[in-house]
Amino acid sequence: MVAQALLEVRNLVKVFKSGMMGREIVAVDRVSFNIEEGEILSLLGESGSGKTTIARMILRLLKPTSGDILYKGRNIWKLKGRELIEYYRQVQGVFQDPYSSFNPIHKVDRPLLQALKNLQGIEGSEALKIIRETLRKVGLNPDEVLGKYPHQLSGGQLQRVSIARALLVNPKLLVVDEPVSMLDASTRIDVLNIFADLRDNEGVSILMIGHDISLSYYISDRIIILYKGSIMEEGETDAVLGSPLHPYTKMLIESIPRIEEKWGRKSRIRLDVDQKPTAMSGCKFLDRCPHAFNMCTRKPNLIRKDNRKIACWLYKNNYNQDIA
Amino acid sequence: MMLDRIMERHRETLILLRRNRKIKAGASILAVILAIAVIGPYTTEYGPLEYTGAIGEPPSSRHPLGTNTFGYDLYSQVVYGLRSSILIGLLGGILATAIGVLIGFISGYFGGIIDELLMMLTNIFLVIPTLALLIIIAAYIEHRGILIESVIIGLTSWPWTARAVRANTLSLRNREFVYLARMSGMPTRSIILREIAPNMLSYIIMVFILQFGGAILYAVSLDFIGLGPTKGISLGVILQQAVLWNAVQLGMWWWAIPPGLLIALLLTSLYVINTGLDEVLNPRLRRQG
Ligand SMILES: Nc1ncnc2c1ncn2[C@@H]1O[C@H](COP(=O)(O)OP(=O)(O)O)[C@@H](O)[C@H]1O
Ligand SMILES: [Mg+2]
């Protein structure tokens, strides 16, 4: 029995009802995974695959339709009052869009001061000292950003302030939703390195959401491949991206020209196919899978296979067959 | 005061507002019309429904806008009528805006069953044939003053505001900075008052201006079909009587043109102000959306 995971996601489901007709969208479909202490776990998937929805549920901003999220063994939806404050002292988030992360009518100082005041009870000059320190830590000059309104700062600066806000309370777990996708290519790697440093120097666990394989390859210890709200493959980054098993993962990797080149313009690929989540009963990848066979009309479970987990009938017991 | 603080923080926007040509032009016309409504009644010796002895006379130094078939001084009628038309517009507009903002905000912020019930109510009000309702109300209330007229207007014109404000609240509520405020441990009350409400202020001002103009026009059409105030005067009532007594056919242009022109100017100035506000405020909102 391994030690308890920092965060445990169990059978998470989120169904959105849209419009008057009550059409249902299954955005997250029975997702389970753990986040361990001090690791960077990448959640990788095309746009619409349910990544942001998962992040918001972990950050307790959106109520799951069913399933549990346990932080240090406790159900986060049972937390109230002081316990909830304590949760946000330990678990923080950064969102994709730095522009809408700030209230246009307030100076950027406000969310920083608020976080320290409400979560730590720190105000005044002590708060200011911590804020300046943290801003420097994310590569900002405090004098250039403090006292400014959001529209006076660049996207890169705002995103760093947003990261600083999350770091002010020294969280144990950070959930970051595509933190660099709206930034210039030139600043992406610097921002990513902030997270790598946090893991290496302070042992912070990070759930890093993305749709860019090479960015995930660059930064993460483990990786989860999500497709239409379900996990397809999960494991160590080198294993999953180095020797993928799931036909979907293979397809993703084949679409990258050279993965050996860890960083470079060519090796970056955007997954631009907008997925439409479906509630169908079979494997979600069925219609795009080159290896589909009769079993695939039933939904495969996520099973352990060698050094990873995989949801594919090709690897299920006696149905295993060579697909090389 | 919250408003002062917002003004303080929006100095840049205020400068833009003052520089906008449309706002300048619209506000100047509106200011002149408001001044006439406030000061006008003190500049005439006749009451609006007082027989002057002169019947159907063209404009003269004694009667700057002439008199009508009943011997009423039209200058007096117009300045008093303008005053009550603006009063109706203000009261009706404030009422409609207040109800609409309240219902729309609660609906959008709290969602769920509250939202469904309130939107059902709103949709019912939207499809009720207002005119039929008004005719029924008018039949029951024999003596209607401008207060009743503006209450009727306010109570029937809030639904579209409620729907618009609901949509606005919904989009603000799901903005990331609201999520971040929640993650920063801010209490719900201050999230509503300090993060969401101030962002709606400019929107609500624009909605009010539209409702103000709408209520004036609404009142004119009510007056015109004979559902206006049974006592007292308004621009719509002057116009109604002018049409009823064939003012134009009889060549008495001074009976119909001045009140009509004032209504047109008033509505145009409000429209132009709103277009200007839209120009100044919306690019900011769009860029941040
Ligand atoms: N509030 C919502 N209401 C209805 N549908 C939603 C809502 N939020 C997300 N969705 C839908 O859920 C699916 C997953 O969305 P999301 O989690 O944002 O995906 P990703 O972050 O991977 O791009 C999409 O089809 C999206 O349209
Ligand atoms: Mg997303």
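Okay, let's start with chain B: read along the sequence, its pattern is α-α-α-α-α-α-α-α-α-α-α-α. That comes to twelve helices and zero strands, where helices are DSSP runs of H or I with at least four residues, strands are runs of E with at least two, and both are numbered from the N terminus. Along its principal axes, the C-alpha trace of chain B spans about 75 × 45 × 30 Å.

Quick housekeeping. This is a predicted model, so to speak: local features need pLDDT of at least 70, side-chain atom pairs count only at pLDDT 80 or more, and totals for chains, interfaces and linings use all residues. Residues are numbered from 1 along each chain as its sequence is written, chains are lettered from A and ligands numbered from 1 in the order in which they are written, and side-chain values use heavy atoms, with hydrogens and water left out.

On to the interface. Here 20 residues of chain B are in contact with 27 residues of chain A, contact being heavy atoms within 4.5 Å. The two chains bury about 2,400 Å² between them, with 51% of it on carbon and sulfur atoms; that's the accessible area (1.4 Å probe) the two parts lose on being put together, summed over both.

What about charges across the interface of chain B and chain A? The rule finds two salt bridges there, meaning a side-chain nitrogen of Lys or Arg within 4 Å of a carboxyl oxygen of Asp or Glu. E195(B) forms a salt bridge with R110(A), and the closest N and O atoms are 3.0 Å apart. On the chain B side, α9 (176–183), α10 (188–224) and α12 (253–288) each supply at least two of the residues that touch chain A. α9(B) gives the most, with six residues. By type, that side of chain B divides into six nonpolar, five polar and nine charged. For the record, Ala, Val, Leu, Ile, Met, Phe, Trp, Tyr, Cys and Pro count as nonpolar, Asp, Glu, Lys and Arg as charged, and the others, Gly among them, as polar.

Now, which residues are closest to ligand 1? Eleven residues surround the ligand, and the closest are G48(A), G50(A), K51(A), T52(A) and T53(A); the cut-off is a heavy atom within 4 Å. Helix α1 (residues 51–58) of chain A brings the largest share of that shell, three residues. A polar side-chain atom of T53(A) lies 2.5 Å from an oxygen atom of ligand 1, and for the side chain of K51(A), an N or O atom is 2.9 Å from a ligand oxygen.

Last one, inside chain A: the side chains of E39(A) and R222(A) meet in a salt bridge, 2.8 Å from N to O. This pair links distant parts of the chain, 183 residues apart, with E39(A) in the loop between β2 (23–35) and β3 (40–45) and R222(A) in strand β9 (residues 222–227).

Key:
A polar contact is a pair of N or O atoms within 3.5 Å; within protein, one must be able to donate a hydrogen and the other to accept it, and residues adjacent in sequence count only if both atoms are side-chain atoms.
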